[in-house]
Amino acid sequence: MKTTTSGLTEAAEPVREAGEGLGRAVVATFRRDLTAVARRPGDALTPLVFFAMVITLFPLGISPDPERLALIAPGVLWVAALLSALLSLDGLFRGDFEDGTLEQLLLAPHPLSLLVLAKVAVHWLTTGLPLALMAPLLGVLLALPQGSYLALSATLALGSGCISLIGAIGAGLTVGLARGGMLLSLLVLPLFMPVLIFGTGAMGAALGGGEWLGHLAVIGALLSVSLMAAPIAIAASLRISIHG
Amino acid sequence: MWAFFHKLGSPRWFYGIAARLSPWCWALALALILIGSVWGLAFAPADYQQGNSFRIIYVHVPAAFLAQSIFMALAASGFVFMVWKIKIADMAAAMMAPLGAAMTAIALLSGSVWGKPTWGTWWQWDARLTSMLILLFLYLGVMLIRRAFARPQSGAKAASVLAMVGVINIPIIKYSVEWWNTLHQPASFTITERPAMPLEMWMPLLIMVLGFYAFFAAFTLTRTRTEILRREGHKRWVKELFEERP
Amino acid sequence: MRLCLEARQLACERDGRWLFRGLDVALKAGEVLRVEGPNGSGKTTLLKILCGQIADVDGEVRWQGRALPRARADLLANLLYLGHAPGIKANLTAIENLRWYQALSGDGCPDAQLEAALAEVGLAGFEDVPTAQLSAGQKRRVTLARLALSRRALWVLDEPFTAIDVAGVAALEHRLSDHAARGGAVLVTTHHPLSNVPGLRRLTLDGHRQVAS
């Protein structure tokens, strides 16, 4: 065993086996993405501002009458949340694709589906969760009746998890395409519809004084299914986009 | 089993077998659709509630059946293509997708035409029609992603993945849309679900459904043959095939 | 176990054109193999095939005697691949970039080592600068610092000399031969002659010749 010029590494170790340090790799990827967002908070704020702006359009476009607004508020809030998620999803892998780190991620000796899960988790933490926390404020603007604020936040928090996971499949498929963002919305919006239906359904139930936790449980079930199935599809779509 | 699978995967072998099968499929499709439509349109009794307008069922229902089945077939082909790298599966999928989208569009249009006399409006957010509309979006996505890639090979894989993701979602979408529909229109009248349809009404329907499936098979076989020639045009066996003829 | 990467009867078609056919490649411990050829002759594609990134080709690739799709994970555990893009995130600092790479490859290492590696590629004092503020050559040097840290036996380098100055080229050439001398293996594409690398092996990809064979 000789030392390198710097004496840093002992030797080019002869051949070893795969499968160590998965946890460390996932945590490092999670921290790296979180740091990257923290360095450029504007990127994370844009979807939130967009969300607020879309909400503002509705009273202007329909009527400032609180009763009419209250009627459409749950749907409007949810649809605006879906649209603003689309806005951020396009960038989920694009930056990594352009600077070449995505290619390096695919070469890591770990299951890609778990590594991308770290990236999706950061996406949810920096877009979905803030959106869920901010939504009640905008609910006030739309005269959302009392009693559905908790349902709004809770369904958005869980639902945006589904959206991040399912949307990441589309983001993976379109990352290598010029103007992939347009196609991304076409691919994933139909897949978001069940989440939208149960999200607004839960709010309707809460408004009617009914039991909305059951609806939340359905969204939770959708989230668990997405958690199990989506990472595999995300990994497959990234492989297609990078290696063809 | 494996030998058969691999044989089936060979474009050359498929080209030959499809040539032998497709005339039978076309004949069967033509006969069934002819019998079914004459029976259904001219001889089946009129509906006691809807009169003659119900007869559009003989197009609407088979088209809706095919629309859903073709998406399943698309996902199955995608799976075969991704797992066993059998190119024929992808060629067939590429040919099936536009047909499926067309069937979905026919189901939507005929549903809408049917809705006018029945509901008094061209469009109603009926659970089935809404699911159909979402299915159309899924079809469009699969067709668009295939063309979006510069390399056909990548487009094929992307379309396969999307079809598989879509097929997992279809039951969820159907269930959620049905639930949503009961939530908003508790007393909605669904056009295709009738308590008891007399034999002379549903027999032609059955024949039409079978005819549409036969048409699907014939169409896919014929189009896949053309696609084989297009993609394998530079291979020796294709060149030999056309050199022998003149 | 001694490192051994070999490919037999590789054939790769892109857009109806054969990039290469019937290609045999072997790379053993202690070797530096330079892949040469004109633009568009498939150098990058060959590199990607050999490290298991592209799989839809004819022929087979073996790592330590085991065929690739199956041996891919083991190959990746021993691989350091540097592609065209520097693979450096612009809003992270040089040291953060390296830290991520080390964690990803499973060799965590203290910051002192990362700093030493950066110093070695001439980036002392730039550790905590976001790489967006570095020049193209400096970014490439951050990437090359991974070579100093790596304990991977197989290096696959696609145009590693891009944007590197003369002194940097000499240092990198030295590093490659050093790695080979320690029992590693290097697969590299470059337009530099690599005259300082003893025992350099060459593989020429020439579209026309390959079609004829």
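Is Gln64(C) buried or exposed? In this predicted model, Gln64(C) is buried, because its relative accessible area of 13% falls under the 20% cut-off. The residue is located in a loop of chain C, between strand E4 (58-63) and strand E5 (66-67). Its backbone is also of note: Gln64(C) is not a glycine, yet its phi is positive, near 55 degrees. Most residues other than glycine have a negative phi.

A second residue of chain C can be described in the same terms. Ala163(C), likewise not a glycine, has a positive phi of about 65 degrees. The loop that holds Ala163(C) runs between strand E7 (154-158) and helix H6 (166-181) of chain C. With a relative accessible area of 47%, Ala163(C) is partly exposed. A positive phi is also found in chain A, at Gly100(A), where the value is near 90 degrees. Gly100(A) follows helix H4 of chain A, which spans residues 91-99. The buried residues of this helix are Leu92(A), Phe93(A), Arg94(A), Asp96(A) and Asp99(A).

The overall form of chain C was examined next. Its secondary structure consists of 7 helices and 9 strands. The radius of gyration of chain C is 17 Å, which agrees with the value near 17 Å that a compact globule of 213 residues would have. Along the principal axes, the C-alpha atoms occupy a box of roughly 55 × 35 × 35 Å. Buried residues make up 59% of the 213 residues in chain C. Among contacts in chain C with a separation of 6 or more, 69% are between residues 24 or more positions apart.

The surface and charges of chain C were also computed. The accessible surface is about 8,200 Å², and carbon and sulfur atoms account for 52% of that area. Chain C carries 26 positive and 23 negative side chains. The centres of these two sets are 4 Å apart.

Chain C is in contact with chain A. The contact involves 54 residues from chain C and 43 residues from chain A. The size of an interface is often given as the accessible area lost when the parts come together. Between chain C and chain A, the buried area is about 4,000 Å², with 53% of it given by carbon and sulfur atoms. On the side of chain C, Trp100(C), Arg151(C) and Arg182(C) supply 19% of the area buried against chain A, more than any other three residues.

Technical notes:
Residues numbered from 1 in each chain as written. Chains lettered and ligands numbered in written order. Predicted model: local features only at pLDDT ≥ 70, side-chain atom pairs only at ≥ 80, totals over all residues. Heavy atoms only, no water. Helix = DSSP H or I, 4+ residues; strand = E, 2+ residues; numbered from the N terminus. Rg over C-alpha atoms; globule rule 2.2 N^0.38 Å. Buried < 20%, exposed > 50% of the residue type's maximum accessible area, 1.4 Å probe, protein only. Contact = heavy atoms within 4.5 Å. Areas by Shrake-Rupley, 256 points an atom, 1.4 Å probe, with all protein chains shown as cover. Lys, Arg positive; Asp, Glu negative; His and termini not counted. Charge placed at Lys NZ, Arg CZ, Asp CG, Glu CD. Buried area = accessible area lost by both parts, 1.4 Å probe.
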